[in-house]
Amino acid sequence: MKLPIDRRQFLKLAGLGGVVFASSLARNVGAAVADDFYFVQLSDTHWGFEGPPNPDAKVTLPKTVATVNALKDAPDFIMFTGDLTHTTDDPKERRQRLAEFKKIVADLKVKNVHFMPGEHDASLDRGEAFQEYFGKTHYTFDHKGVHFIVIDNVSDPTGAIGDEQMDWLRTDLAKQKPDANIVVFTHRPLFDLAPEWDWATRDGAKALELLLPHANVTVFYGHIHQEHHYMTGHIAHHAAKGLMFALPVAKSQPKRTPLPWDPAHPYAGLGFRDVEAEGPAKFEINELPVVKAS
Amino acid sequence: MNTHRNRMRIAAGALAVGLAACGLYAVAQPAEQVIKISAKKFTYTPNQIKLKKGVPVILELTSEDVVMGLKIPDLKARADILPGQVTRLRIVPTKAGTLAFLCDIFCGSGHEDMTGAFIVEE
């Protein structure tokens, strides 16, 4: 079952289904909240992009790093959900961009940082350059009772996970208890959000089929450069804003061209989020701007 | 002799009527229209193509540079386009309107702009 949902509906579902989603009253915008832990999701930094959709392209990422460093409480870890760099046909330039990106984010105070590729990083060389700088493109890690699975749906330029990785996923899930608290990170949506705009994963349905028997699964992804929330069965999917240019709502215009930069509101539509883990499939999401309002 | 020829003509006519009735008498059917589409970074040529509703066409797809895809989400149809090869994809537009198509194999910095549309008329 797939349900398109808006923010209000999602909150309603959250109350019924045990998923919490909020944009206020969270730790970094108000009073401290007792919790287990929280992490920060950063996505689609597109380092190397140049163009009118972001005349501040050279400083957006450094400013974001500064904002993350200034968070009231430090997150347990930081996750980058792909498109760290903007694509280039030149393998040397690709490595240059990855190296520059790595140098900038090395300034993050939190040193527990996880990376995964987007199609801009990995689709032209099947992840070769990415792996030289950041290691594996799919992996798992555990943190305070939550099992995190990083799925690579971009190194294959067709936007597929592929049989080999699917077998790996199946094997990993078989080791988890049915009620395990599982978080999946992907770059592309696993469901068909907008196939007309290539906002899908070719074999995403197979991955969801493997995840479905598990009671507590939450997916965080990037790619679409905007906040978006969706349910497939009991699995919640949360897309993050980008950190270089914003994209339009799916199919709201003929082409998925970036939204224009608004000089009156620099960085409008860009941002990152903190995610507070509050229990099985229970996450409080707090959207944050590139530059903290003074 | 004439009687034999007449019988043969009658038999051939009956066979033709029978095949036509069964939809198998394809010799007289017009060949399906072939539309050639060439792909290269980051365009299709042509990228606006008129079709008739319900009339099948065969797309002959070629790539001038790298591996591309052509996906028509509304028809749940797609094909890989390999350089140096002709890929054929038969489609039947079942309703009037615009059928978008796009490249679904990441091909570089203009990949997101690599789109086109079939304009399907009644």
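Predicted model: local features only at pLDDT ≥ 70, side-chain atom pairs only at ≥ 80, totals over all residues.
Me: OK, and which residues of α7 in chain A are buried?

Reply: In helix α7 (residues 204–211) of chain A they are Gly204(A), Ala207(A), Leu208(A) and Leu211(A), where buried means 20 or more other C-beta atoms within 10 Å of the residue's own, exposed means 12 or fewer, partly exposed lies in between, and C-beta atoms are placed from the backbone. Viewed down the axis of α7(A), these buried residues fall within an arc of 100°, so they line one face of the helix; the arc is that of the directions from the helix axis to the C-beta atoms. As background, an α-helix has 3.6 residues a turn, so residues three or four places apart point the same way.

Me: Changing topic: why is β6 of chain A largely enclosed?

Reply: Strand β6 (residues 146–150) of chain A has four of its five residues buried, so the rest of the structure largely encloses it. Five bridges join β6(A) to strand β5 (residues 139–143) of chain A, and these two run antiparallel, whereas β6(A) and β7(A), also joined by five bridges, run parallel. For all such pairings, two strands pair if DSSP finds at least two bridges between them.

Me: Which residues stand opposite each other there?

Reply: His143(A) stands opposite Val146(A) in β6(A), and on the β7(A) side the bridge partner of Phe148(A) is Val183(A). The hairpin of β5(A) and β6(A) has two residues between the strands, and Lys144(A) in that hairpin takes a positive phi near 45°.

Me: What about the five-stranded sheet in chain A, in what order do its strands come?

Reply: The order is β4-β3-β2-β11-β12 in an open sheet of chain A with mixed pairing, and the edge strands, each pairing on one side only, are β4 (113–116) and β12 (282–288). Neighbouring strands of this sheet are turned by 20° against each other on average, direction ignored; axes are lines fitted to C-alpha atoms, for helices over the stretch in contact, and angles run from 0 to 180 degrees between N-to-C directions. Within the sheet, strand β2 (residues 37–42) of chain A pairs with β11(A) in the antiparallel sense over five bridges, and Tyr38(A) has Glu276(A) in β11(A) as its bridge partner.

Me: And Gly242 of chain A, is it buried or exposed?

Reply: Gly242(A) is buried, having 26 other C-beta atoms within 10 Å. Gly242(A) sits in the loop between β10 (235–239) and β11 (272–279) of chain A, and, leaving out residues up to four places away in sequence, it touches Ser43(A), Asp44(A), His225(A) and Leu270(A).

Me: Over to chain B, which strands make up its open sheet?

Reply: Four strands do, in the order β2-β1-β4-β7 of chain B, with mixed pairing, and β2 (43–45) and β7 (87–91) of chain B are the edge strands. A hairpin joins β1(B) to β2(B) through two residues, and three bridges link strand β1 (residues 33–40) of chain B to β2(B) in an antiparallel arrangement, with Lys40(B) opposite Thr43(B). By contrast, β1(B) and strand β4 (residues 57–63) of chain B pair in the parallel sense over seven bridges, and Gln33(B) stands opposite Val57(B) in β4(B).

Me: Where in chain B does pLDDT stay under 50?

Reply: It does so over residues 15–26 of chain B, for which the model has four contacts beyond four places in sequence; pLDDT is the predictor's confidence in each residue, from 0 to 100. Chain B averages a pLDDT of 85, and 76% of the residues score at least 70.

Notes
Residues numbered from 1 in each chain as written. Chains lettered and ligands numbered in written order. Contact = placed C-beta atoms within 7 Å.
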